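Colleague: Could you walk me through reading this model, feature by feature? I would like to start with a single residue and then widen the view.

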Amino acid sequence: MKILAINGSPRTNGNTSLVLKDLLAKAEAAGAHTSYFDLADLNIKDCKACMKCKKEDCCSQKDDMETLRPLIQEADLLVLGSPVYMGDQTGLMKCFIDRLYTFMGPSEKKGELKSRLSEGKKAMVIFTCQMPNGNMVYNYIAVRYFNLLVNMLGYSDIRSYIIGGANLNEDLRNTPQGKSALDDGGKFILESLKANV
Ligand SMILES: Cc1cc2nc3c(=O)[nH]c(=O)nc-3n(C[C@H](O)[C@H](O)[C@H](O)COP(=O)(O)O)c2cc1C
């Protein structure tokens, strides 16, 4: 099973990165093939709305999305992580998400688009935030990502975790919400691995 994790924090050794890397370490130990990217280290431009991807299965822009595109197509599990910035994902993550529009191709139904990704993929979304009850306050983020990944891009199963109480440089492996997300997310990965064999 292939797992691709993408971190949308500008802090490449911050809270979100720590959670993502902890999950990937568990997945590797259980036999998964993992890859990890910090968007902060990549050059991913804003979508230009040129609509080339609606006519052809490609993007007009030549940047690091060319590296990520085949990895997203191959990944059985996509793990997206971002800190909450002003009640939402970071700009880095939003820019990346907009470029996923390239995976939306024409459909038989006029005016509708359908996912070009293969069926059966799974996804995990991890947000970290300082507010102790951020898991409740920001739960609309989980709804939006469900819509994006399941309704629009056709992912078959998704888990979302919003980890509150994440002060800067908090070791989220030792906080109740961090532990709970890592335990549950780890189980989801192991179950997915078993189902994938
Ligand atoms: C610009 C900025 C905006 C933030 N906005 C919020 C917010 O709206 N709500 C919140 O609970 N935490 C907010 N935070 C705190 C971060 O989400 C939190 O500390 C997060 O775990 C940092 O993750 P990182 O170390 O991966 O960058 C903000 C932090 C920054 C720097």
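**From one residue to the whole chain**

Modeller: Gladly, and bear in mind that this is a predicted model. Let's begin with Asn 13, which counts as exposed because it has 11 C-beta neighbours inside 10 Å, and the cut-off for exposed is 12 or fewer.

Colleague: Where is Asn 13 placed among the helices and strands?

Modeller: Asn 13 sits in the loop that links strand S1 (2-7) to helix H1 (15-29). For a sense of distance, compare sequence with space: Asn 13 and Ser 82 are separated by 69 residues along the sequence, and their C-alpha atoms are 12 Å apart.

Colleague: Thanks! Now the ligand: which residues are the closest to it, and how many surround it?

Modeller: The ligand is surrounded by 18 residues, and the closest are Gly 14, Thr 16, Pro 83, Cys 129 and Met 131. To read such a shell, ask which element supplies it and what classes of residue it holds. Here H1 contributes the most, with three residues. By class, the shell has nine polar residues, eight nonpolar and one charged.

Colleague: I also look for backbone angles. Which residue other than glycine has a positive phi?

Modeller: Asn 169 is one of them, with a phi near 65 degrees. This residue lies in the loop between strand S7 (157-163) and helix H7 (176-196). Asn 169 counts as exposed because it has 10 C-beta neighbours inside 10 Å.

Colleague: And what about Ala 49, buried or exposed?

Modeller: Exposed, because Ala 49 has 8 C-beta neighbours inside 10 Å. Ala 49 is not a glycine either, yet its phi is positive, at about 60 degrees. Its loop runs between strand S2 (33-38) and helix H2 (52-55).

Colleague: Let's step back. How many helices and strands does the chain have, and in what order do the elements run?

Modeller: The chain has seven helices and seven strands. Read from the N terminus, the order is β-α-β-α-α-β-α-β-β-β-α-α-β-α. The radius of gyration is 16 Å, close to the 16 Å from the globule rule for 197 residues, so the chain is as compact as a globular protein of that length. Along the principal axes, the C-alpha trace spans about 50 × 40 × 30 Å.

Colleague: What share of the residues counts as buried?

Modeller: Of the 197 residues, 37% count as buried.

Key
Residues are numbered from 1 along each chain as its sequence is written. This is a predicted model: local features need pLDDT of at least 70, side-chain atom pairs count only at pLDDT 80 or more; totals for chains, interfaces and linings use all residues. Helices (H or I, at least four residues) and strands (E, at least two) are DSSP runs, numbered from the N terminus. A residue is buried if 20 or more other C-beta atoms lie within 10 Å of its own, exposed if 12 or fewer, and partly exposed in between; C-beta atoms are placed from the backbone. A residue is near a molecule or strand if its C-beta atom, placed from the backbone, lies within 6 Å of it. Ala, Val, Leu, Ile, Met, Phe, Trp, Tyr, Cys and Pro count as nonpolar, Asp, Glu, Lys and Arg as charged, and the others, Gly among them, as polar. The radius of gyration is taken over C-alpha atoms; the globule rule is 2.2 Å times the number of residues to the power 0.38.
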